[in-house]
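Hi,

Here is the structure I promised to pass on to you. Have a look at it first, and then read on for what turned up in it.

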Amino acid sequence: DSEQAELTTANKRKLRRFIVIDEVVDKLYGSKVREYFEENNVQHKILALPTTEETKSMDLVLNILHEVQNFSLDRRTEPIIAIGGGVCLDIVGLAASLYRRRTPYIRVPTTLLSYVDASVGAKNGVNFLQCKNKLGGYTPPVASFLDRSFIQSIPRRHISNGLGEILKMALMKHKGLFDLLKNHGKYLLDTKFQSCTSFAGHGDAALQTTRIAIETMLEELAPNLWEDDLDRLVDFGHLISPELEMRVLPSLMHGEAVNIDMAFMTYVAHARGLLATEEKEQILQCMRSLELPVWHRGCSWALIQRALRERLKHSGGQPRMPLPTGLGVAEIFNDISEETLERAYELWVRD
């Protein structure tokens with residue numbers, strides 16, 4: 001940034017950066033990050049933390065803020081940098097939004113899920129009273145730096161986890177993205193979303209898939225960044241999954257819980273007559289090919305009822321239920337009856 005460079009030169013002040021990095025990512029890439037800042041003569045503090053769903057709390061936010069205060073950060077010219085998965089990006093975003101009322105921050109996602117989901121949009125937050133993201137705000141980063149090479153070091157299950165959020169956007173908005181997942185899902189899992197030219201017939205499926213997923217997410221989020229309109233297609237898979245995910249921690253990852261929610265809602269759409277049997281089966285087959293769970297014993301009828309009651313409290317008294325009406329098309333419904341939901345649940349459990 002030329003303006004910042006001039007300011008730094010005028011003040012004769014050394015460039016300084018405060019970095020929060022997930023402790024697992026630090027073991028893999030910490031030496032490279034330190035080398036980068038040292039070679040560029042940047043004074044830096046790197047804080048490695050365990051950023052998991054279980055540690056995603058205000059305690060960790062306050063821990064970060066104590067270190068930020070000790071580093072004596074300039075709240076205008078020295079953005080905090082978050083390097084890690086979605087939990088890390090959420091925690092650091094909230095910490096930055098609180099420090100001096102708003103300090104700029106940069107997101108560097110290192111998992112597939114955070115690459116296509118947490119890197120986009122303005123939301124940040126932490127869990128509270130065993131409720132997912134109960135505390136948080138809307139403070140967008142000044143930048144998100146996307147580098148798929150981080151993804152090559154994460155386990156296969158984490159790749160599948162991220163594919164759950166990509167499939168969400170495919171089912172809601174983009175038939176072409178659904179076809180990419182259906183035709184290249186195993187290849188993407190096998191190659192961990194790296195661009196490989198040696199595999200004939202796949203093209204650059206990794207680049208196409210991530211680009212379309214992010215573009216469709218931005219299309220949905222950008223006009224409604226502060227969620228003034230509560231009718232949101234991106235809520236597909238997020239009606240039951242928050243309750244399920246927190247209830248069974250740590251057995252389900254976020255994208256897996258989202259996919260279980262989407263699988264049930266696919267049955268709801270079928271029971272309502274919105275999806276043909278063949279379309280329902282195509283969706284479920286795609287989920288299985290992406291190695292995503294389509295059912296969990298913890299997702300009881302009582303849990304679904306409780307989750308939907310909670311949904312009503314926070315969505316203006318309407319369920320605002322996004323449902324697929326075909327492959328890559330969707331609408332939001334407020335009139336799905338209890339009978340339809342129960343029939344869908346019985347069929348889902350039976351299958």
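This is a predicted model: local features need pLDDT of at least 70, side-chain atom pairs count only at pLDDT 80 or more; totals for chains, interfaces and linings use all residues.

As for the layout, domain 1 covers 13-151, while domain 2 is made of 155-224 + 232-350. Their C-alpha centres are 27 Å apart. At the interface, 19 residues of domain 1 are in contact with 29 residues of domain 2. There are 5 residue pairs in polar contact across it. On the domain 1 side, helix 5 (112-118), strand 5 (123-128) and strand 6 (131-138) each supply at least two of the residues that touch domain 2. Helix 5 gives the most, with 5 residues. By type, this side of domain 1 holds 8 nonpolar, 4 polar and 7 charged residues. The two domains also have 2 salt bridges between them.

Strand 5 is also where you will find Val 126. With a relative accessible area of 0%, Val 126 is buried.

Now for the salt bridges, of which the whole structure has 27. Three of them are worth a visit on your first tour:

- Lys 186 pairs with Asp 190, with the closest N and O atoms 2.7 Å apart. The two sit 4 residues apart in helix 7 (residues 175-191), so about one helical turn separates them. Lys 186 is exposed, at 55% relative accessibility, and Asp 190 is partly exposed, at 42%.
- Asp 231 and Arg 320 meet at 2.9 Å, N to O. This pair links distant parts of the chain, 89 residues apart: Asp 231 lies in the loop between helix 8 (205-221) and helix 9 (241-247), and Arg 320 in the loop between helix 12 (301-313) and strand 8 (321-324). Asp 231 is partly exposed, at 35%, whereas Arg 320 is buried, at 15%.
- Glu 281 bridges to Lys 280, with the closest N and O atoms 3.3 Å apart. Here Glu 281 is partly exposed, at 36% relative accessibility, and Lys 280 is buried, at 6%.

Beyond these pairs, salt bridges with shared partners join Lys 123, Glu 227, Arg 232, Asp 235 and Arg 311 into one network.

Enjoy exploring!

Best wishes

Note on methods
Residues are numbered from 1 along each chain as its sequence is written. Side-chain values use heavy atoms; hydrogens and water are left out. Domain bounds come from an automatic or database domain assignment. Contact means heavy atoms within 4.5 Å. A salt bridge is a side-chain nitrogen of Lys or Arg within 4 Å of a carboxyl oxygen of Asp or Glu. A polar contact is a pair of N or O atoms within 3.5 Å; within protein, one must be able to donate a hydrogen and the other to accept it, and residues adjacent in sequence count only if both atoms are side-chain atoms. Ala, Val, Leu, Ile, Met, Phe, Trp, Tyr, Cys and Pro count as nonpolar, Asp, Glu, Lys and Arg as charged, and the others, Gly among them, as polar. Buried means under 20% relative accessible area, exposed over 50%, partly exposed in between (1.4 Å probe, protein chains only).
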